Amino acid sequence: MAFKVEQALHMVGGAGETSYATNSRIQEKAIYRTKPILETAIAELYGKLLPERMVVVDLGCSSGPNTFLVVSEVLGIVGDLRRRLEQKPPEIQFFLNDLPGNDFNNVFRSLERYEKMMEEEKGDLLVPHYVVGAPGSFYGRLFPCNTVHFFHSSYSLMWLSQVPQGLESEQGVPLNKGNIYIAENSPPQVVVKAYQEQHRRDFSTFLKSRYVELSIGGGMVLTFLGRRNKQPTSGGLSCMWGLLAEALNAMVSQGIVSEDKLDAFNLPIYAPSMQEVKAVIHDEGLFDLEQAQIFEFNWDPFDDTDDDDIVFDNVLNGKNVAKCIRAVSEPLIAHHFGDAILDELFSRYAEKVARHLLVEKTKYTVLVIALKKKA
């Protein structure tokens with residue numbers, strides 16, 4: 001039976017050193033970078049519908065400061081639009097969606113502080129709004145028909161609904177041995193195909209679900225990690241998870257981790273190309289593709305330099321990358337291997353990333369698309 005992601009997938013909760021809240025700057029940068037696309041989508045929607053009430057959903061909201069960053073951006077955009085158009089401010093209902101394991105307690109403990117900050121900043125100009133949680137998988141229906149005006153998702157769609165099926169033979173022999181994601185030595189007709197088909201099924205289900213839930217004129221802005229090259233084995237994400245696999249293999253060779261355990265572990269994640277994303281959208285025929293952009297970020301979220309050759313402190317870079325990856329993958333790894341290996345694993349991983357960055361300053365490839373529901 002395929003492992004269901006919602007059984008274990010969530011970001012590291014709380015606000016500690018290894019938490020997602022503390023290590024989510026790469027996601028924050030993406031939200032700011034995609035703000036012009038968000039503004040355009042919201043402006044078109046609001047300008048045509050002029051709704052008295054709006055329903056906005058953030059899919060995969062996680063916990064931490066980025067959760068309310070999206071809320072703040074939407075409130076600012078709508079507030080500016082309604083003043084420009086001399087309209088009465090609409091009431092906005094925000095739904096924050098994530099899997100049930102998400103640290104919703106931390107989210108709503110932070111809500112009062114966020115609301116107070118917004119009131120001090122905006123005063124009477126603040127658009128009336130209400131924020132509630134909506135736990136559940138977005139690979140299926142979450143809301144009644146025609147009730148949502150706008151969906152936003154940042155980085156969540158890289159996660160699959162389950163580990164792809166077919167990664168072992170009929171006899172139970174692992175076919176992606178020693179790897180935890182698609183690698184150079186992964187059998188293309190088995191492993192690569194299994195990941196591609198799972199992504200295609202999941203994204204198709206996602207689009208069908210959102211189409212039913214969106215009202216007429218509704219839209220979405222979706223941001224996720226992907227790749228520029230057609231080959232699934234290329235790109236920064238494949239390399240990044242490959243280095244984590246190397247750290248696990250080293251621990252296997254020293255008897256710290258069971259080889260069988262490693263061979264049975266495959267990440268439920270996929271980095272599509274823009275061509276793959278567009279193909280699913282086209283085949284479903286439910287949305288118009290309004291915008292599609294690709295941009296890149298350095299692996300280290302605190303490295304904002306544009307120079308592809310300069311690495312100022314590879315050791316620090318390695319530690320920063322390891323913290324970010326631990327914040328998003330620790331629950332899955334602990335679920336499978338146990339939590340006793342975590343500190344050792346990510347210490348080794350940081351060292352491997354540091355050595356890699358001396359050879360090549362690798363980047364994440366980020367895809368962002370704006371979709372509008374077809375009439």
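The model is a predicted one, so to speak of local features a pLDDT of at least 70 is needed, side-chain atom pairs count only at pLDDT 80 or more, and totals for chains, interfaces and linings use all residues. Residues are numbered from 1 along each chain as its sequence is written, and side-chain values use heavy atoms, with hydrogens and water left out.

Ten helices and seven strands make up the secondary structure of the chain; these are DSSP runs numbered from the N terminus, helices being H or I with at least four residues and strands E with at least two. Of the 375 residues, 56% are buried (buried is under 20% relative accessible area, exposed over 50%, partly exposed in between, with a 1.4 Å probe and protein chains only). Take the contacts between residues at least 6 apart in sequence, a contact being heavy atoms within 4.5 Å: 84% of them join residues at least 24 apart.

On to the rings. Phe, Tyr and Trp (its six-membered ring) pair if the ring centres lie within 6.5 Å, and planes under 30 degrees apart count as stacked, over 60 as edge-to-face and the rest as tilted. The count by this rule is eleven aromatic pairs. One of them joins tyrosine 181 and tyrosine 195, edge-to-face, at 5.4 Å centre to centre with 80° between the planes. Tyrosine 181 lies in the loop between strand E4 (148–154) and helix H5 (188–213) and tyrosine 195 in H5 itself, so the pair ties together parts 14 residues apart in sequence. Both ends are tucked away: tyrosine 181 is buried at 3% relative accessibility, and tyrosine 195 is buried at 0%. Phenylalanine 265 and phenylalanine 337 also pair up, and because their planes stand at 65°, with the centres 5.1 Å apart, the pair is edge-to-face. Here distant parts of the chain are linked, 72 residues apart: phenylalanine 265 sits in the loop between helix H7 (259–263) and helix H8 (274–284), phenylalanine 337 in helix H9 (residues 314–337). Phenylalanine 265 and phenylalanine 337 are buried.

There is also an aromatic cluster, formed by Phe138, Tyr139, Phe203, Phe206 and Phe224. Arginine 210 lies over the face of phenylalanine 206, 5.0 Å from the ring centre, and its charged end sits over the ring of phenylalanine 151 as well, at 5.3 Å from the centre. A charge sits over a ring if NZ of Lys or CZ of Arg is within 6 Å of the ring centre and within 35 degrees of the ring normal.

Phenylalanine 337 comes up again in the helix packing. Helix H6 (residues 236–253) and H9 pack at about 40°, their axes 14 Å apart; axes are lines fitted to C-alpha atoms, for helices over the stretch in contact, and angles run from 0 to 180 degrees between N-to-C directions. The two helices are therefore oblique to each other (under 35 degrees is roughly parallel, over 145 roughly antiparallel, 65 to 115 roughly perpendicular and the rest oblique). Met240, Trp241, Leu244 and Leu248 of H6 make the contact with Ile325, Ser329, Ile333 and Phe337 of H9.

Tyrosine 155, in the loop between E4 and H5, is buried at 5% relative accessible area. Its C-alpha atom is 5.6 Å from that of threonine 223, 68 residues away along the chain. Leucine 50, partly exposed at 37%, has a positive phi near 40°.
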